[in-house]
Structures are given as C-alpha cells and as structure tokens.
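Please find below a short note on the model.

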Amino acid sequence: AQERENDEVLEGLDGAGRAEVLAIDATLSRIDSGNFGVCAGCGEPIPVGRLAVLPTATHCVGCD
C-alpha cells in the first residue's frame, strides 16, 4: 500500500521532483543496509561536511 502511495506521489511531480524523491528513497535504503556515508566509487567514507550539505550523496568529492 505504501509503494502505491509513493507511486501516486511520484506521478504528481515533475522530473526534478521525481529524481529528488528517488534519491531520498535510495538514501533511506543505504541507511537501512548500513552503507550510508560510504562512497560508491572508492568505498571510503564520505566526509560528514559533504553529507551535511548533500545527504543523498553517493560519492565522495574525489569520485564525483
């Protein structure tokens, strides 16, 4: 039921809004799996300052 509700919300958003909601969902999944704050490129921790500015970041500055 929650996925259907999320789909309905996504349908009402423009492309940028959809991308943001998808990025937030992906971030929540990384938190649940214990991978939040780990760079998807090099595997090193993403600096806290970067995550404070862009909590949905998947890469460190060097890999971005």
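**Note on the predicted model**

1. I46 is buried, its relative accessible area being 5%; buried means under 20% relative accessible area, exposed over 50%, and partly exposed in between (1.4 Å probe, protein chains only). The residue I46 sits in the loop between α2 and α3. Helices here are DSSP runs (H or I, at least four residues), numbered from the N terminus.

2. This is a predicted model, in which local features need pLDDT of at least 70 and side-chain atom pairs count only at pLDDT 80 or more, whereas totals for chains, interfaces and linings use all residues. Residues are numbered from 1 along each chain as its sequence is written, and side-chain values use heavy atoms, with hydrogens and water left out.

3. The predictor's confidence in each residue, pLDDT, runs from 0 to 100. Its average over the protein chain is 89, and 94% of the residues score at least 70. Confidence is lowest in helix α1 (residues 2–11), with a mean of 72, and highest in α3, with 97.

4. Leaving aside neighbours within four places in sequence, I46 contacts G37, V38, C39, L51, A57, T58, H59 and C60, where contact means heavy atoms within 4.5 Å.

5. The structure holds one salt bridge, that is, a side-chain nitrogen of Lys or Arg within 4 Å of a carboxyl oxygen of Asp or Glu. D64 and R50 form a salt bridge, with their closest N and O atoms 2.8 Å apart. The pair links distant parts of the chain, 14 residues apart: R50 belongs to helix α3 and D64 to the segment after α3. D64 is exposed at 66% relative accessible area, whereas R50 is buried at 19%. Apart from neighbours within four places in sequence, R50 is in contact with A57, H59, C60, V61 and D64.

6. R30 belongs to helix α2. This residue, R30, is buried yet has no salt bridge, and the nearest side chain of opposite charge, D25, is 10 Å away; Lys and Arg count as positive and Asp and Glu as negative, while His and the chain ends are not counted. Beyond neighbours within four places in sequence, R30 is in contact with N35, F36, T56, A57 and T58.

7. F36 lies in the loop between α2 (15–33) and α3 (48–53). F36 counts as partly exposed because its relative accessibility is 33%.

Note on methods:
Helix = DSSP H or I, 4+ residues; strand = E, 2+ residues; numbered from the N terminus.
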